[in-house]
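User: I have a model open and would like to learn how to read its features. Can you take me through them?

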Amino acid sequence: MSDLFSVVDPLFKLEPKKNDLDFLIEQTTRVSTIVPKFPFILFHIGGKEPRRINEQRIVEFLDSIDVPLLIVDDPGQPFLKKLQIKNKNIIPVMETLSLFELLALSSDPNCRLYIGHEGGQSHILHRPSNCL
């Protein structure tokens, strides 16, 4: 067991490169213009057809929500543009967000819950937030 720690311990002492930090700051700064200043739920509706919740159920869910819900889409499978959102509590994010930007959103102290389909984004985005 001590051999494992002797290999892993130096990794925790590495400093991030300056350009890596600049990239992360840039990503987070862009998100700061999107994120609400009040508690919200982050809902990722993207994904391919077999994994994504069907359109009728999403519409029913969105119509029934009575708390602020920030809804984002998958850039490779745009679905949000098809939805007719009438609920005033829904905040659609129409621009494409990187995974880092989504992570910054789910890490925001006002993000109380992350909802997403089973997929790569959810494996990462559930870490800093409550997840469903």
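Analyst: Start with a term needed for packing: contact means heavy atoms within 4.5 Å. For angles, axes are lines fitted to C-alpha atoms, and the angle runs from 0 to 180 degrees between N-to-C directions. In this predicted model, helix 4 (residues 99-107) lies across strand 1, strand 2 and strand 4, and runs at about 150 degrees to strand 1.

User: Which helices and strands does the chain have, and in what pattern along the sequence?

Analyst: The chain holds 5 helices and 4 strands. Their pattern along the sequence is α-α-β-α-β-β-α-β-α.

User: How do I read the sheet, and in what order do its strands stand?

Analyst: Two strands pair if there are at least two bridges between them. Here 4 strands make an open sheet with parallel pairing, in the order 3-2-1-4. On average, neighbouring strands are turned by 20 degrees against each other, direction ignored.

User: What joins strand 1 to strand 2?

Analyst: Strand 1 (residues 40-44) and strand 2 (residues 69-72) run parallel and are joined by 4 bridges. To find one of them, go to His-44, whose bridge partner in strand 2 is Val-72.

User: How do I read the nonpolar core, and which residues have the most contacts inside the largest one?

Analyst: Such a core is a set of buried nonpolar residues joined through side-chain atoms within 4.5 Å. The largest has 15 residues, and Leu-42, Leu-70, Val-72, Leu-97 and Leu-105 have the most contacts inside it. At least two residues come from each of strand 1, strand 2, helix 4 and strand 4. Helix 4 gives the largest share, 3 residues. Apart from this core lies another of 13 residues, including Phe-43 and Leu-83.

User: What does Leu-42 contact beyond its neighbours within four places in sequence?

Analyst: Among its contacts are Leu-70, Val-72, Leu-102, Leu-105 and Ile-115.

User: Is Ile-124 buried or exposed, or does it count as partly exposed?

Analyst: Buried means under 20% relative accessible area and exposed over 50%. Ile-124 has 34% relative accessibility, so it counts as partly exposed. This residue sits in helix 5 (residues 120-125). Neighbours within four places in sequence aside, Ile-124 contacts Leu-99 and Leu-103.

User: And for the whole chain, what share of residues counts as buried?

Analyst: Of its 132 residues, 35% count as buried. The chain exposes about 8800 Å², with 59% supplied by carbon and sulfur atoms.

Definitions and conventions
Residues are numbered from 1 along each chain as its sequence is written. This is a predicted model: local features need pLDDT of at least 70, side-chain atom pairs count only at pLDDT 80 or more; totals for chains, interfaces and linings use all residues. Side-chain values use heavy atoms; hydrogens and water are left out. Buried means under 20% relative accessible area, exposed over 50%, partly exposed in between (1.4 Å probe, protein chains only). Accessible areas come from the Shrake-Rupley method with a 1.4 Å probe; for residues, only the protein chains shown count as cover.
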